[in-house]
Amino acid sequence: MNRLYFWCIICIFFTVACNNNSENKTATTAADTDRTTGLIPYTLIKSFPHDTNSFTEGLLVHNGKLLESTGHTDSYEKSRSLFGVLDTVSGKIDIKAEIDKEKYFGEGIVVFKDKIYQLTETNEIGFVYDAVTYKKLGEVKYKGDGWALTTDGTTIMMSNGSSNIIYRDAATFAPVKTLNVTDDNGPVSNINELEFINGFIYANEWLTNYILKIDTSTGRVVGKLDLSALAADAKAIYAGAIEMNGIAFDA
C-alpha cells in the first residue's frame, strides 16, 4: 500500500498508481532481489494528477469508470479508508463508501457481478456493497491479512502479502484453491494489488517497482514490468512518493 503523486496509463492499458502501507505491512521485502524472468516492454501514454492524501490500495475499471480504494495511516493525517470514482481531471475521489479509519485500514476492492467487495488489512473482515447504489449489503470473514482482490468472473482471487493467491467462493468467501507464486528464485512473497487480464494474474510486488505476470495454471511468474523509471519520475515531482501500487485494466 502506498501512494505516488500521479498514476499513469501504459500501452497495455494498466493504470499504475502507488501504494503500500510500509508501516502496517511487515512482510519480508524483496526489493533488490535479482530476477531472471523476462521483462515486458511498455510505453507511457499519459499521466494524470492524483491527490496525495489518497493512500492508494487498489484500482479497477468498472463500466468505464476508474475506481480507487484507499487506506488510512497515521503517517498521513488526512488519509482515509474509502473507495470511489477517481476524477482524472482533479485527481480527487468521488467517495462511494467509507469505513471507520480508527478501526479499519481499507485495502483492495473488486466488482463481482452486482457487488463490490472491500478488504481490510488486519481485521479479518471485508465489506460488501451494491455495485449500483453502493449501499452496504453485508460482511465477509477471512483468516489473516487482506491486501487485494481481483476476479476471473467465476471466483474471487485475494492476496495477503505472502506468496499465495487464494481463490474464494463469491457466495461464501470460503477458500477453494491456493495458487503459490514462484519465479526462478522460488516463492515470491509480498504479492499485493491484483488484476486478472486475458487469463493471467498481474500483481504488484510490494516494496519493488515490479508488476508480475503470473500463469494461473502453475503460479509461475512468466514476465514482469519494471516501472523504476516511472517511480523515479514520480519521486522527482513529489518527494513524498513511496511504493508503487494499483493496477486497472480497460480492454
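Guide: Let us begin with contacts, where contact means heavy atoms within 4.5 Å. In the protein chain, 54% of the contacts with a separation of 6 or more are accounted for by residues 24 or more positions apart. Please keep in mind that this is a predicted model, in which local features need pLDDT of at least 70 and side-chain atom pairs count only at pLDDT 80 or more, while totals for chains, interfaces and linings use all residues. Residues are numbered from 1 along each chain as its sequence is written, and side-chain values use heavy atoms, with hydrogens and water left out.

Visitor: How many helices and strands does the protein chain have?

Guide: Helices (H or I, at least four residues) and strands (E, at least two) are DSSP runs, numbered from the N terminus. By that rule the protein chain has one helix and 21 strands.

Visitor: What share of the residues in the protein chain is buried?

Guide: A residue is called buried under 20% relative accessible area, exposed over 50%, and partly exposed in between, using a 1.4 Å probe and protein chains only. Here buried residues make up 54% of the 251 residues in the protein chain.

Visitor: Which residues of helix α1 are buried?

Guide: In α1, which covers residues 228-237, the buried residues are Leu 230, Ala 231 and Ala 234. Seen down the axis of α1, these buried residues fall within an arc of 100°, so they line one face of the helix; the arc is that of the directions from the helix axis to the C-beta atoms.

Visitor: I would like to turn to the sheets; what is the order of the strands in the open sheet that contains β19?

Guide: Two strands pair if DSSP finds at least two bridges between them. The order in this open sheet of four strands is β18-β19-β20-β21, with antiparallel pairing. At the edges stand β18 and β21 (221-226), each with a single partner strand, so one side of each is left without a neighbour in the sheet. Neighbouring strands of this sheet are turned by 25° against each other on average, direction ignored; the axes behind such angles are lines fitted to C-alpha atoms, for helices over the stretch in contact, and angles run from 0 to 180 degrees between N-to-C directions.

Visitor: How is β19 paired with β18 and with β20?

Guide: Strand β18 (residues 191-197) pairs with β19 in the antiparallel sense over five bridges, and Phe 196 stands opposite Ile 201 in β19. The hairpin of β18 and β19 has two residues between the strands, and Asn 198 takes a positive phi near 50° there. On the other pairing, β19 and strand β20 (residues 210-215) are also antiparallel, over five bridges, with Tyr 202 opposite Lys 213 in β20. The hairpin of β19 and β20 has four residues between the strands, and in this hairpin Leu 207 takes a positive phi near 70°.

Visitor: Why is β19 described as largely enclosed by the rest of the structure?

Guide: Five of the six residues of β19 (residues 200-205) are buried, so the strand is largely enclosed by the rest of the structure.

Visitor: How does β20 join β21?

Guide: These strands run antiparallel and are joined by five bridges, and the bridge partner of Leu 212 is Lys 224 in β21.

Visitor: Where is Ile 116 found, and which residues is it in contact with?

Guide: Ile 116 is found in strand β9 (residues 115-120), and at 0% relative accessibility Ile 116 counts as buried. Leaving aside neighbours within four places in sequence, Ile 116 has contacts that include Leu 67, Phe 83, Phe 127 and Tyr 134.

Visitor: How many aromatic pairs are there, and how should I read one?

Guide: Rings of Phe, Tyr and Trp (its six-membered ring) pair if their centres lie within 6.5 Å; planes under 30 degrees apart count as stacked, over 60 as edge-to-face and the rest as tilted. By this rule the count comes to eight aromatic pairs. The rings of Tyr 104 and Phe 127 have centres 5.2 Å apart and planes at 80°, so this pair is edge-to-face. The pair links distant parts of the chain, with Tyr 104 in the loop between β7 and β8 (106-112) and Phe 127 in strand β10, 23 residues apart. Both Tyr 104 and Phe 127 are buried.
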